[in-house]
Amino acid sequence: MVYGFINLCLKSLVVEKFGEEAWENIRREAEVEDNFMTYTYYDDVDTMTLIDVACRCLAVDKSTVLMLFGEFFFEFCVRSGYDHMLRTLGENLVEFIENLDSLHSYLTLAYDKMNAPSFRVEKVDSNMYLHYYSDRKGLAPMVIGIIKAVARAFFQSEVTMDILSEDREEDRTRKKEHVVFSVTQRRVGGTGSQKPPKYVAQSHKGSEQQIRKEDVENVLSKLAQQNGVCPFPGNGTTPKVKAKRCWDKLRGIVTMGKLTNVFQPSYPDELWVDPRTFCNILPFHIIFDQQLRIKQSGINIQRIVPGIQTINIKVNDYFELIHPEIPLSFEEIKKFINSQFILEAKRMMMPAAWGGRPTLQLRGQMIWMPSIQCMIYMCSPKLTSLKELEERHMYMSEIALHDVTRDLILLNQQRLAEIELAKQLEEKKEELRMMSEALQEEQKRTDMLLYSMLPRQVANKLREGRKVEAGEYDEVTILFSDIVTFTNICAMCKPIQIVQLLNEMYLRFDRLTTVHDVYKVETIGDAYMVVGGLPVPVKSHAERVANMGLGMQMAAGHVKSPVTGKPIQIRVGIHTGPVVAGVVGEKMPRYCLFGDTVNTASRMESHGVPGKVHISPATYKALRGKSFIIKERGEINVKGKGPMYTYYVIANGEATEDMLMGRPQRSRRSSRSITPSPARTEGAGEEKGGENHKSPASGKGKDDEPESDMVVMVYEDSHEVSGQQVNPPGSTKTCNGVNKGKKPSEADSKSKPGNGTLPPDDDPVTLPADPRPAKNKPKNKRKKEKTQSKLCVLL
């Protein structure tokens, strides 16, 4: 298990070095949630999966990623407030590494399930070897990154580390991996390796005293200059007694002259502590020989584990070595002499009165005593909280007053409470984040529901508490549609079938309102009402609604009648004129339109022909000169309006069926390609010489409209479609048609049947039979002028 602190560090590394997008890609591919908490532990598999995916996504080998992670992990720890603790581990790199195990032991107070590695430094001559033991395989490059970062930050030196061996020592150390590094350290700016200082060792009455060789040579050279001869030749000819005196004199000169900082301790001739007092003032200690036979122990250890009072009992008979994870033997203990040792009493050796309490654990230091060839284990009970003290039925009085374990228990009790509060705070923070995300999702749904009832601009004003006044609009375009023979269909079907029919059709129509950026006013039964040009006035309102009507005719062809099983037919009527619009009601507010324009548009629909888009003279005037193919219907008698000369919109000469339906164009053969504007795509027109490459009418496609990848048509005065700006203000992209630049007379003559009926290839809509008498059509198809299209489509 690893704590969330590691995963947070990995996330910070990827975000800082490669960006937020790279982390999102790695997290999604690894299928890991981005909600790591510091004091929560996660499976090793999740972390290793993140590392493997990062290597694959970033195209970097694993060793490089691990080394980079090791360097960043040290920086992350420093940033997280552990810099003071790390700086005090040692005066040099060797001491720093030797005390890493003690640091990990301290961190277990906060991270009780932490499975930390173990380190051991070995010196052979002037070489340094680092032994790394871990339960996790393949993380050796991470160690290299950490050590290099530590050397640069704390000791102003560069380190070169080479892997000498990688062994599995599970049987010997119960660790899965043992890696030995050769470490070479050099000062920044230096050329040679930093070697440990050379010492000249001298022993006097068993004392181990060391004097720097350089200091001795300096003193000897000064004495030779003063006396003309060296007082201590050092060639082996000087008698031993005289040599001893010379060395004593030299040591005194070096020490008194303050040429060295070596401390010279003073030892008594005999120990002034009797054995009884020693065992009382150090109630937790064990002295054993090279065969692990116990020679002496503290009184409290004897009380808790009375069996060790037996003469020549062995340490491994009553205790197990928990840390470091090595066999409990004298040779292995000497190898890890600088590590912290944790012994645990065997439960079977505990007295019966101990019962089901947790077993006794001792934590301390092993000290080798060469004079008596024994090892002393100076230790204290491994207790970190008052709860552990109570569980073992122990008391503070059993711990010596000079032992810092007393203070550790009391201080750590407060620290554990703070950690628990921090953990709860993280959990609450995560809950709030999830609730905030859920709230945002609900707000989006509420907004969608509100925007379906009212225009976005009006809804935002109402939500802000502002009053929405009714507005007058000089010119808008209104569309009405209804289903042909809807009354007969209702009489022959079940109600649920009618609901399903209307729902299927209206879902397609609603999608088209987004494609063409028009506002759906309401639906009453089979009647569908759409308006263009409000609440935000736009100049292209007539083109938008006309394209909407053409798309609705196509979409209706995909809806089958529950009676006949054939595609249903709809009538579409469009009129352009002034209206008054405003919000009506409070409990169910609706955005309603009032004026004669609404009535006229309704009359265009009721007097229309199935399968065609029927428009009024006002709409024809707004569409004249655009890309629409319009055919005269002639004069008809409109109820309540009298005689009126009306028209049919047959097709949009510059828009394919895919464009009108909001679908991506399937191929060049099946749909008409539009030459893009030079402002949007550079060089695109050079491939085809800037011509419009047209194809025969595709009619209704075999496939239905896709549920995604919707294409939105962009007009010259577009502002916003579905909350996304599709054409910025001031843009020159237009939706003008083939008749742009022509005189009105020429555009009108193009539309009149007297000048020739349009060929079927130019009609993208499959029209039903015209009830009027058919007119003679010329045999030769008339070619249309090749004009550059400026219809813009946003994919």
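Is Gln373 buried, partly exposed or exposed, going by its relative accessibility? At 37% relative accessibility, Gln373 counts as partly exposed; here buried means under 20% relative accessible area, exposed over 50% and partly exposed in between, with a 1.4 Å probe and protein chains only. The legends below start from the whole model and then move to close-ups.

This is a predicted model in which local features need pLDDT of at least 70 and side-chain atom pairs count only at pLDDT 80 or more, while totals for chains, interfaces and linings use all residues. Residues are numbered from 1 along each chain as its sequence is written, and side-chain values use heavy atoms, with hydrogens and water left out.

**Figure 1. The whole protein.** Let us begin with the overview. The protein holds 24 helices and 24 strands; helices (H or I, at least four residues) and strands (E, at least two) are DSSP runs, numbered from the N terminus. Of its 795 residues, 45% are buried. Its accessible surface comes to about 43,500 Å², and 52% of that belongs to carbon and sulfur atoms; such areas come from the Shrake-Rupley method with a 1.4 Å probe, and for residues only the protein chains shown count as cover. Among contacts with a separation of 6 or more, 62% join residues 24 or more positions apart, where contact means heavy atoms within 4.5 Å.

Figure 2. Look for residues 20–30, where Ala22, Trp23, Ile26, Arg27 and Ala30 are the buried residues of H2. Seen down the axis of H2, these buried residues fall within an arc of 130 degrees, so they line one face of the helix; the arc is that of the directions from the helix axis to the C-beta atoms. The face turned away from the buried side carries the exposed residues Glu21 and Arg28. Just after H2, Glu31 takes a positive phi of about 60 degrees.

**Figure 3. Cysteines without a disulfide.** How many disulfides does a search of the whole structure find? The search finds zero, a disulfide being a pair of cysteine sulfur atoms within 2.5 Å. For Cys9, the nearest cysteine sulfur is that of Cys77, 6.7 Å away. Cys9 is buried, at 0% relative accessibility. Cys379 is buried too, with a relative accessible area of 8%.

**Figure 4. Helix H19 and His516.** The 22 residues of H19 (residues 495–516) should span 32 Å at 1.5 Å a residue, and the end C-alpha atoms are 32 Å apart, which agrees; the expected span is 1.5 Å times one less than the number of residues. Buried residues in H19 include Ile498, Leu501, Met505, Phe509 and Val515. His516 also belongs to H19 and is buried, with a relative accessible area of 0%. Leaving aside residues up to four places away in sequence, His516 touches Arg544, Asn547, Met548, Met659, Leu660, Met713 and Tyr715. Just after H19, Asp517 takes a positive phi of about 55 degrees.

Figure 5. Most residues other than glycine have a negative phi, and most peptide bonds are trans. The bond from His323 to Pro324 is cis, with omega near -5 degrees, and Pro324 lies in the loop between strand E11 (319–323) and helix H14 (330–335). Another cis bond runs from Leu534 to Pro535, with omega near 0 degrees; Pro535 sits in the loop between strand E17 (527–532) and helix H20 (541–556). Gln373, from the opening question, has a positive phi near 55 degrees and is found in the loop between strand E13 (361–369) and strand E14 (374–381). Thr485 has a positive phi near 55 degrees, in the loop between strand E15 (471–483) and helix H18 (486–492). Thr485 is partly exposed, at a relative accessible area of 45%.

Figure 6. Find E21 (residues 628–638) and E22 (residues 642–652), which pair in the antiparallel sense over ten bridges; two strands pair if DSSP finds at least two bridges between them. Ile636 stands opposite Met644 in E22. Three residues lie between the strands of this hairpin, where Gly640 takes a positive phi near 80 degrees.
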